[in-house]
Amino acid sequence: MSEPAADRAIRKLNWLEPVADFIQNVVGGIYERLGAPGRLLKDLLHGTKPLGHPLHPALTDVPLGAWTAAVVADYAAYVSHAIPPSAGGLALAVGTLAALAAALAGYTDHHETFGHERRVATAHGLIMTTVILVMVLSQVLRLEGGGGARAAAVGLATVGLLLGLLGAYLGGHLTYAMGTMVNRNAFAEAPEDFVPVGTPKDFPDGVLKRVKAGAMAVLMVRTEGRLNAIAAVCSHAGGPLDEGDLQGDIVVCPWHGSRFCVRDGRVKGGPATFPLPSFLVRERAGKVEVKIDQPPH
Ligand code: FES
């Protein structure tokens with residue numbers, strides 16, 4: 001298979017594996033040690049709560065925009081007195097602060113990556129971390145004052161921005177080419193009319209069962225006599241929810257522990273951010289039938 005040059009290059013960088021292990025161990029260890037507040041913080045940084053959408057990509061626009069404005073202002077200040085030399089430094093500071101927040105969200109998302117995706121995420125994270133350090137150095141030089149220090153600061157910011165564009169390319173590659181943090185049910189074709197999926201005795205109380213409704217995998221589970229149906233594929237990274245753990249009305253994904261309400265598919269705990277499609281269920285004439293509640297398209 002022919003694959004993009006970035007993937008071919010990253011596949012050769014075997015040293016990324018121990019680095020990724022180290023980062024995941026540190027991030028996981030910190031959240032584990034924090035206990036319940038750590039789980040809440042992790043949900044906030046994934047975007048599970050209160051956003052209901054991945055947080056990291058929403059934050060990354062700010063540093064790239066602010067850093068671009070900083071570099072443009074830096075060069076403009078050399079040729080026009082209308083732009084004060086401090087303008088670039090101000091935009092740079094805004095970008096760097098936003099980048100720190102984006103890094104927290106990004107390394108939180110990185111914690112649940114694996115395989116080649118994890119390598120690309122690690123390369124992306126290392127590049128963006130280097131960019132932050134370069135921008136901080138540029139900021140420090142600006143505080144020094146003097147023509148030489150300012151020229152070095154502008155040069156560093158320029159290099160940082162170019163490196164940031166490379167990092168942003170890898171971030172986009174993770175999402176658009178590899179589907180990291182993309183809703184795994186976004187393209188599901190669910191039946192909009194009732195289709196049979198079994199008989200009532202196929203679904204005893206408290207047993208997670210996977211059935212096919214049209215082309216879509218559906219998780220069926222009866223709780224307190226009520227038969228519930230939601231997508232069987234975890235919206236985070238595609239984990240098989242029928243192999244998960246049922247805790248009351250909550251199913252826990254076996255891969256990274258996302259929690260979903262089996263009654264309506266709502267996310268109760270990350271890393272998933274998107275709810276699962278839910279189905280209407282009817283039992284009649286000895287048959288169980290389901291149809292999608294809200295068609296996704
Ligand atoms: S696949 Fe990651 S939590 Fe389900």
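My entries follow, starting with the ground rules.

**Ground rules.** I'm working on a predicted model, where local features need pLDDT of at least 70, side-chain atom pairs count only at pLDDT 80 or more, and totals for chains, interfaces and linings use all residues. I number residues from 1 along each chain as its sequence is written.

**Whole chain.** Helices (H or I, at least four residues) and strands (E, at least two) are DSSP runs, numbered from the N terminus. The C-alpha atoms fill a box of roughly 85 × 45 × 40 Å along the principal axes.

I also checked burial, and 39% of the 297 residues count as buried. Buried here means 20 or more other C-beta atoms within 10 Å of the residue's own, exposed means 12 or fewer, and partly exposed is in between, with C-beta atoms placed from the backbone.

**Domains.** Where does the chain divide? Domain 1 covers 5–176 and domain 2 covers 195–292, with bounds from an automatic or database domain assignment. Their centres, over C-alpha atoms, are 38 Å apart. Domain 1 puts 10 residues into the contact and domain 2 puts in eight; a contact needs C-beta atoms, placed from the backbone, within 7 Å.

I then went to an open sheet with strand order 1-10-9 and antiparallel pairing. Two strands pair if DSSP finds at least two bridges between them. Strand 1 (195–198) and strand 9 (279–284) are the edges, each pairing on one side only. Strand 9 runs antiparallel to strand 10 (residues 287–292), and six bridges join them.

Is strand 3 (residues 216–223) mostly covered or mostly open? Covered: six of its eight residues are buried. Strand 3 pairs antiparallel with strand 2 (residues 209–213) over five bridges, and Arg-210 has Leu-219 as its bridge partner. Two residues separate the strands in that hairpin, where Gly-214 has a positive phi near 60°.

Strand 3 is also joined to strand 4 (residues 226–231) by six bridges, again antiparallel. Here Met-220 is bridged to Ala-229. This hairpin has two residues between the strands too, and Glu-224 takes a positive phi near 50°.

**Ala-87.** Last stop: this residue sits in helix 4 (residues 86–110). Ala-87 is partly exposed because 17 other C-beta atoms lie within 10 Å. Leaving out neighbours within four places in sequence, Ala-87 contacts Ala-73 and Ala-77. I also looked up Ala-76, which is 11 residues from Ala-87 in sequence and 9.8 Å from it in space, C-alpha to C-alpha.

Conventions:
Contact = placed C-beta atoms within 7 Å.
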